[in-house]
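Subject: The model, and what turned up in it

Hello,

Here is the structure I promised to pass on. Please have it open while you read, as my notes follow below.

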Amino acid sequence: MQLYNYFRSSASFRVRIALNLKGLSYDYSAIGLLKQEQFSENFRKISPDALVPVLIDGPAALIQSLAICEYLEETHPEPSLLPGGALERARIRALALTIACETHPLNNLRVLRYLVHEFKVSDDAKDAWYRHWVENGLLAYENQLSGYDSHGLFSVGDIPTLADVFLVPQIFNARRVNTDFSKVPRVMEIFENCMALPAFEAARPEHQPDAA
Ligand SMILES: N[C@@H](CCC(=O)N[C@@H](CS)C(=O)NCC(=O)O)C(=O)O
């Protein structure tokens with residue numbers, strides 16, 4: 001498999017973690033987002049949205065990190081990233097979507113660029129926007145966890161799931177804008193537990209070949 005990605009992209013980071021957790025090797029192809037390589041004609045052939053990540057598996061080019069992770073889950077079921085019964089799996093998906101749909105899109109590079117270029121917001125205002133939405137999203141995540149009857153080492157239970165795969169990269173992004181994590185203690189505990197695992201550690205941005 002081949003992964004088109006960018007070291008600092010949190011959506012790419014999710015797929016790197018999922019591949020590592022499943023013990024799958026892949027070739028790393030960097031797409032420089034700041035150099036605007038995502039808009040090149042060649043890349044758009046495999047990524048119509050001009051977004052990373054893209055996973056190539058044989059003749060197929062897969063986009064959207066959640067779809068890619070579910071593809072990996074179906075093609076390589078062990079270890080499972082969606083374990084448990086219907087309730088556990090619904091919780092895992094809801095947590096992952098809280099990050100993927102309610103939090104990350106508001107802070108994506110193209111959204112921030114639009115704020116700066118079209119609305120002339122300052123860097124401070126842009127960071128305040130970012131912090132607002134990421135704190136909002138992480139609090140929603142924490143509140144979901146609080147509603148569960150029991151707590152394990154990870155978001156849902158004692159093994160890492162798709163929820164953790166989506167959570168961890170968002171924390172890395174949030175740190176870059178001095179987010180206040182004081183209202184999400186359980187989230188931060190889970191984050192530390194994840195980062196103690198080699199699959200998460202190896203996927204972190206600084207360890208990627210294109211890290212600046
Ligand atoms: N929903 C997509 C989001 C992908 C996405 O937003 N990727 C970002 C990096 S994290 C990107 O390529 N941004 C390029 C840009 O904003 O121009 C997924 O989960 O794969």
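Helices (H or I, at least four residues) and strands (E, at least two) are DSSP runs, numbered from the N terminus. With that in mind, leucine 162 belongs to helix H7.

Two words on the ground rules. This is a predicted model, in which residues are numbered from 1 along each chain as its sequence is written, and local features need pLDDT of at least 70, side-chain atom pairs count only at pLDDT 80 or more, while totals for chains, interfaces and linings use all residues. Side-chain values use heavy atoms, with hydrogens and water left out.

The ligand

The ligand is surrounded by 16 residues, and the closest are Val52, Gln64, Ser65, Asn108 and Arg110; a residue counts as near if one of its heavy atoms lies within 4 Å of the molecule. Helix H1 (10-21) and H5 each supply at least two residues of this shell, and H1 gives the most, with 3 residues.

- A ligand oxygen lies 2.9 Å from an N or O atom in the side chain of glutamine 38.
- A ligand nitrogen lies 2.8 Å from a polar backbone atom of valine 52.
- A ligand oxygen lies 2.9 Å from a polar backbone atom of arginine 110.

On its own the ligand has 510 Å² of accessible area, and the protein covers 91% of that (Shrake-Rupley method, 1.4 Å probe). The space taken by the ligand is the largest pocket. A pocket here is found on a 1 Å grid over the protein atoms alone, as an open set of points where a 1.4 Å probe fits, with protein on both sides within 12 Å along at least five of seven lines; a molecule sits in one if more than half of its atoms lie within 2 Å of its grid points.

Backbone features

Most residues other than glycine have a negative phi, and most peptide bonds are trans. Which bonds and residues depart from this?

The peptide bond from valine 52 to proline 53 is cis, with omega near 10 degrees. Proline 53 sits in the loop between helix H2 (41-46) and strand S3 (54-57). A cis peptide bond also joins glutamate 78 to proline 79, with omega about -10 degrees, and proline 79 is in the loop between helix H3 (65-75) and helix H4 (86-100).

Glutamine 64 has a positive phi, near 70 degrees, and is not a glycine. Glutamine 64 lies in the loop between strand S4 (60-63) and H3, and is partly exposed at 47% relative accessible area. (Buried means under 20%, exposed over 50%, partly exposed in between, with a 1.4 Å probe and protein chains only.) Lysine 120 also has a positive phi, about 55 degrees. Lysine 120 is in the loop between helix H5 (109-119) and helix H6 (123-146), and counts as exposed because its relative accessibility is 65%.

Buried residues

In H3, the buried residues are Ser65, Ile68, Cys69, Glu70, Leu72 and Glu73. Their cover includes H1, S3, S4, H4 and helix H7 (162-175).

Setting aside neighbours within four places in sequence, leucine 55 is in contact (heavy atoms within 4.5 Å) with residues including Met1, Leu19, Leu62, Ile68 and Leu72.

Back to leucine 162: at 1% relative accessibility, this residue is buried too. Beyond its neighbours within four places in sequence, leucine 162 touches Leu66, Cys69, Glu70, Leu81, Leu82, Ile92 and Ala96. Leucine 162 and leucine 62 are 100 residues apart in sequence and 17 Å apart in space, C-alpha to C-alpha.

Glutamine 208, in the segment after helix H9 (198-203), is buried at 7% relative accessible area. Apart from residues up to four places away in sequence, glutamine 208 touches Phe7, Arg16, Tyr26, Tyr28, Ala202 and Ala203. Serine 29 lies in strand S2 (residues 27-30) and is buried, with a relative accessible area of 16%. On the same terms, serine 29 touches Gln2, Leu3, Tyr4 and Asn5.

Terms used:
Polar contact = N/O pair within 3.5 Å; in protein donor to acceptor, adjacent residues only side chain to side chain. 1 Å grid on protein atoms, 1.4 Å probe; cavity = no way out; pocket = protein on both sides within 12 Å on 5 of 7 lines; lining within 4 Å.
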